[in-house]
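Dear colleague,

Please find below the sequence and the structure that I am handing over to you.

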Amino acid sequence: MLSPVEILTRFFGYESFRPPQDEIIDTLIAGDNALVLMPTGGGKSLCYQIPSIAREGCGIVVSPLIALMQNQVQALKVNGIRAEFLNSTLELQDAEAIEQMLLDGELELLYVAPERLAKPTMLSLLKKSKISLFAIDEA
């Protein structure tokens, strides 16, 4: 298993964390909860992305912003991180393929729109999946 700093360097190209990112990441890797309030550009995404990669399973990120979700996933994929999103822009067959990837343990991060999270089928899928952490972004 890679350390948080190794993940930061290898996948994101940074040498060190900004305060208090390291404390937040250590808290989440340990399995504890955190409420994180940071300004835009403050590095909050790394606070859930790195623990999602470090822990076994897939990090579920609830985000209401479709464009941000798509940009985050695209950037993560470019960095070699197995990430996808589920929202209303997907065709049914594409959404089903991503759901199967989650079940098969092939994802490190999955971004989910809030309205999808409210569906019983999504909740059932999550119950069958190995979840590393659960984050709500842009609440």
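A disulfide is counted here as a pair of cysteine sulfur atoms within 2.5 Å. By that criterion this model, which is a predicted one, holds zero disulfides.

The two cysteines concerned may be taken together. The sulfur of Cys-47 has its closest cysteine sulfur in Cys-58, at 18 Å, and the pair is therefore too far apart for a bond. Seen from Cys-58, the closest cysteine sulfur is that of Cys-47, again at 18 Å and too far for a bond.

Turning to the fold, the protein comprises seven helices and four strands. Along the sequence these elements follow the pattern α-α-α-β-α-β-α-β-α-α-β. Among the contacts with a separation of 6 or more, 65% are accounted for by residues 24 or more positions apart.

The overall dimensions are as follows. A compact globule of 139 residues would have a radius of gyration near 14 Å, and the protein agrees with this, as its own value is 14 Å. Taken along the principal axes, the box filled by the C-alpha atoms is roughly 40 × 30 × 30 Å.

As regards burial and surface, 43% of the 139 residues are buried. The accessible surface of the protein amounts to about 7800 Å², and carbon and sulfur atoms contribute 53% of that area.

Where does Gly-41 lie in relation to the helices? Gly-41 is placed in the loop between helix 2 (21-29) and helix 3 (44-54). Gly-41 counts as exposed because its relative accessibility is 57%, which is over the 50% cut-off for that class. Between Gly-41 and Ser-88 there are 47 residues of separation in sequence, and the C-alpha to C-alpha distance is 26 Å.

To restate the point with which this account began, the structure holds zero disulfides, and the sulfur atoms of Cys-47 and Cys-58 are 18 Å apart.

Yours sincerely

Note on methods:
Residues are numbered from 1 along each chain as its sequence is written. This is a predicted model: local features need pLDDT of at least 70, side-chain atom pairs count only at pLDDT 80 or more; totals for chains, interfaces and linings use all residues. Side-chain values use heavy atoms; hydrogens and water are left out. Helices (H or I, at least four residues) and strands (E, at least two) are DSSP runs, numbered from the N terminus. The radius of gyration is taken over C-alpha atoms; the globule rule is 2.2 Å times the number of residues to the power 0.38. Buried means under 20% relative accessible area, exposed over 50%, partly exposed in between (1.4 Å probe, protein chains only). Contact means heavy atoms within 4.5 Å. Accessible areas come from the Shrake-Rupley method with a 1.4 Å probe; for residues, only the protein chains shown count as cover.
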